[in-house]
Amino acid sequence: MRTASALVALVLLVAPTAAADPVNLKWSLKEGDSFYATTTQEIDQAIKVMGQTVNQKMTTTTVAKFEAKAVKGGGFEVKMTYTKMTMDGALGNGGGLTDRFKGASLTATFDKGFELKKLEGYDKFLDQLSDGDDGMKKIFRAVMPETAVKLMFSQVFVGSPKEKAAVGDKWSRTDKVPLSGLGELTNKTQFTLDGVSGDVATLKTTGDVTFKTGEGGDALPFKVVSADIKSDEVKGTILFDLKAGRLKSSSTSMKLKGTMTIEVMNQQVDAEIDQNATTKVELSDKNSVRD
């Protein structure tokens, strides 16, 4: 009897299981559709300069409305309008500058595969944030370049480049991530369809990050002369609503560590940086902001 039971158990163990049917991870966006995205980024970093360590924690929360308009060729023109931005931590609420984001808008054009092809309204966006002050416009352009705005769209419009994807399928996408005057990260993200439960597909992500130094130009009083910054861990989880045909939520974490040499007033200063950053995005049909 035991032998028979063991045989049954062995058969169940090695028998092939039915694979889940491929699912559609394409956005089912229609002209006139709208939704709200709440993005929360938490940064916890330590910077060591001249033997002293400065610890900083900052949380930035952004709420934006997205509205879709169809374009020729099967793509979409999507207007993003900020409804609220808050900043807590080392910079307080950005000295009141975050209030200027309310009502500011930009428009992105996506092809039918939801790859971002064009961004419009960036200069007008900077004009609203700077309120006609040329000096402030330079600062906003430095700390929030076009790549940062494009990232706002890319963090929301996540899906698969294929009509159907099966569990285990992989694909990749490359994004530019600005670091507010310090330089720019290039993040090659690999997506894997990890599983499907009901109407929700779970995607796992890993990232291959490289860093390129930058400079503040006329807006910021420093430039990064050299840097050796690496990220040993970039990972995330994405939930895709198969019924709604759009992102449900996402969470990404990234750890950066390394050294850099910064030039300030013609003097070079060595610094060490250790940073942990997490970004969470949640979509909703309703505006979470109440005036």
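Two residues are in contact when heavy atoms of each lie within 4.5 Å. The structure described here is a predicted model, in which local features need pLDDT of at least 70 and side-chain atom pairs count only at pLDDT 80 or more, while totals for chains, interfaces and linings use all residues. Residues are numbered from 1 along each chain as its sequence is written, and side-chain values use heavy atoms, with hydrogens and water left out.

Leaving aside residues up to four places away in sequence, Phe-125 touches Tyr-82, Phe-101, Ala-104, Ser-105, Leu-106, Met-144 and Val-149. A nonpolar core is here a set of buried Ala, Val, Leu, Ile, Met, Phe, Trp, Tyr and Cys residues joined through side-chain atoms within 4.5 Å. Buried means under 20% relative accessible area, exposed means over 50%, and partly exposed lies in between (1.4 Å probe, protein chains only). The largest nonpolar core has 47 residues, and Phe-125 is among those with the most contacts inside it, together with Trp-27, Phe-66, Tyr-82, Phe-153 and Phe-157. In soluble globular proteins, nonpolar side chains tend to be buried together.

Strands (E, at least two residues) and helices (H or I, at least four) are DSSP runs, numbered from the N terminus; two strands pair if DSSP finds at least two bridges between them. Strand 11 (residues 267-284) pairs with strand 1 (residues 34-49) in the antiparallel sense over 14 bridges, and Asn-276 in strand 11 is the bridge partner of Asp-44. Strand 11 also runs antiparallel to strand 10 (residues 246-264), to which 16 bridges join it. Here Gln-268 of strand 11 is the bridge partner of Glu-263. Two residues stand between the strands in the hairpin of strand 10 and strand 11, where Met-265 takes a positive phi near 50°.

Nine salt bridges are present in the structure, each defined as a side-chain nitrogen of Lys or Arg within 4 Å of a carboxyl oxygen of Asp or Glu. One of them joins Lys-137 to Asp-127, with the closest N and O atoms 2.7 Å apart. Because Lys-137 lies in helix 3 (residues 134-143) and Asp-127 in helix 2 (residues 122-130), the pair ties together parts that are 10 residues apart in sequence. Lys-137 is buried, at 19% relative accessible area, whereas Asp-127 is partly exposed, at 38%. Glu-67 and Lys-65 form another salt bridge, in which the closest N and O atoms are 3.9 Å apart. Glu-67 is partly exposed, at 31%, and Lys-65 is partly exposed, at 24%. Salt bridges also link Glu-233, Lys-235 and Lys-255 in a network.

The side chains of Glu-115 and Lys-117 meet in a salt bridge with an N to O distance of 3.7 Å. Glu-115 is partly exposed, at 47%, and Lys-117 is exposed, at 53%.

The second largest pocket has a volume of about 530 Å³. Its lining comprises 27 residues, of which Phe-114, Glu-115, Leu-116, Ser-154 and Arg-173 are the closest to its centre. On a 1 Å grid over the protein atoms alone, a pocket is an open set of points where a 1.4 Å probe fits, with protein on both sides within 12 Å along at least five of seven lines; lining residues have an atom within 4 Å of a point. Strand 5 (116-120), helix 4 (146-156) and strand 6 (170-178) each supply at least two residues of this lining, and strand 6 gives the most, with six residues.

Methods:
Grid points are joined across faces, edges and corners, and a volume is the space filled by probe spheres set on the points.
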